[in-house]
Amino acid sequence: MHEELLINSDHVLYMMIEHNTSANFVVVGILKTGWKKLCLYNKAVGSCKETMVYCLMDFYVHESRQHKGYGKYLIDYMLQDMHLCAKNLAIENPTKNLLEFMWKHFQLSKIVNQGNYFIVYEEFFDDAFNERNHNDGGNG
Ligand SMILES: CC(C)(COP(=O)(O)OP(=O)(O)OC[C@H]1O[C@@H](n2cnc3c(N)ncnc32)[C@H](O)[C@@H]1OP(=O)(O)O)[C@@H](O)C(=O)NCCC(=O)NCCS
């Protein structure tokens, strides 16, 4: 059942693993992302538009491994994989830890609350990449 849900979903799950031996490994961090069509509110112009946005939906590093740069490594890997910058992301239900994390590593702090469970940063709307998706309603 869970397997089917994952296969049929267009979400991407990045996992950071540590090998204890060549045969054994442990998962120490996960990052779940995916495209979503959101009605995005741009505070600067006071309007909403349907936009395809790459969303960060789940992000977790095991307590015993936090504050060691694993989270930064994981998010950098995903951004490079997707050819995106941190300011291109929407974040679902960000925790205080994640907001601190985004400030520390990407100097992002000016939140535009979307009134649902998502936030983007003001810098989202500065970017030509997002402007294109904003105007086209996304490229799926
Ligand atoms: C957010 C999280 C994924 C970051 O992973 P990480 O491996 O600790 O990240 P890094 O080591 O690369 O960066 C650490 C920075 O993130 C921020 N941060 C991480 N944990 C924090 C906490 N408990 N309180 C405040 N800031 C925190 C800080 O800026 C921290 O810098 P510092 O180590 O100098 O204090 C991890 O803390 C976590 O899993 N938290 C619990 C789950 C969570 O909140 N997930 C976000 C869901 S939206």
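Trainee: What makes E5 and E6 a hairpin, and which residue in the turn has a positive phi?
Mentor: This is a predicted model, and in it E5 and E6 form a hairpin with 4 residues between them. Gly115, in the turn, has a positive phi of about 80 degrees.

Trainee: How do you know that E5 (residues 111–113) and E6 are paired, and which way do they run?
Mentor: 3 bridges join E5 to E6, and the two run antiparallel. Pairing needs at least two bridges, so E5 and E6 count as paired. Within this pair, Val112 stands opposite Val120.

Trainee: How many bridges join E4 (residues 89–92) to E6?
Mentor: There are 2 bridges, and these strands also run antiparallel. The requirement is at least two, so E4 and E6 pair as well. The bridge partner of Ile91 is Ile119 in E6.

Trainee: Why are both faces of E6 (residues 118–121) called covered?
Mentor: Phe118 and Val120 on one side are buried, and so are Ile119 and Tyr121 on the other. Buried means 20 or more other C-beta atoms within 10 Å, so each of these four residues reaches that count. In a regular strand the side chains alternate between the two faces of the sheet.

Trainee: What does Ile119 touch, apart from residues up to four places away in sequence?
Mentor: Ile119 touches Ala90, Ile91, Pro94, Ile111, Val112, Asn113 and Gln114. Contact requires C-beta atoms within 7 Å, so each of these residues meets that limit with Ile119.

Trainee: Which residues of the largest nonpolar core touch the most other members?
Mentor: Of its 18 residues, they are Leu38, Ala90, Ile91, Phe118, Ile119 and Val120. Two or more core residues come from each of E2 (25–42), E3, H2, E4 and E6. E6 gives the most, with 4 residues. In soluble globular proteins, nonpolar side chains tend to be buried together.

Trainee: Is His67 buried or exposed?
Mentor: His67 has 8 other C-beta atoms within 10 Å. The limit for exposed is 12 or fewer, so His67 is exposed. His67 lies in the loop between E3 and H2, and has a positive phi of about 65 degrees although it is not a glycine.

Trainee: Why does Asn93 count as exposed?
Mentor: Asn93 has 12 C-beta neighbours inside 10 Å. Exposed means 12 or fewer, so Asn93 is on the limit and still counts as exposed. Asn93 is found in the loop between E4 and H3, and its phi is positive, about 50 degrees, although it is not a glycine.

Trainee: What surrounds the ligand, and which residues are closest?
Mentor: The shell has 18 residues, and the closest are Gln66, Gly71, Lys72, Thr95 and Glu100. H3 supplies the largest share, 5 residues. E3 (47–61), H2 (70–82) and H3 each supply at least two. By type, the shell divides into 7 nonpolar, 7 polar and 4 charged residues.

Key:
Residues numbered from 1 in each chain as written. Predicted model: local features only at pLDDT ≥ 70, side-chain atom pairs only at ≥ 80, totals over all residues. Near = placed C-beta within 6 Å. Nonpolar A, V, L, I, M, F, W, Y, C, P; charged D, E, K, R; others polar. Core = buried A, V, L, I, M, F, W, Y, C linked by C-beta atoms within 7 Å. Contact = placed C-beta atoms within 7 Å.
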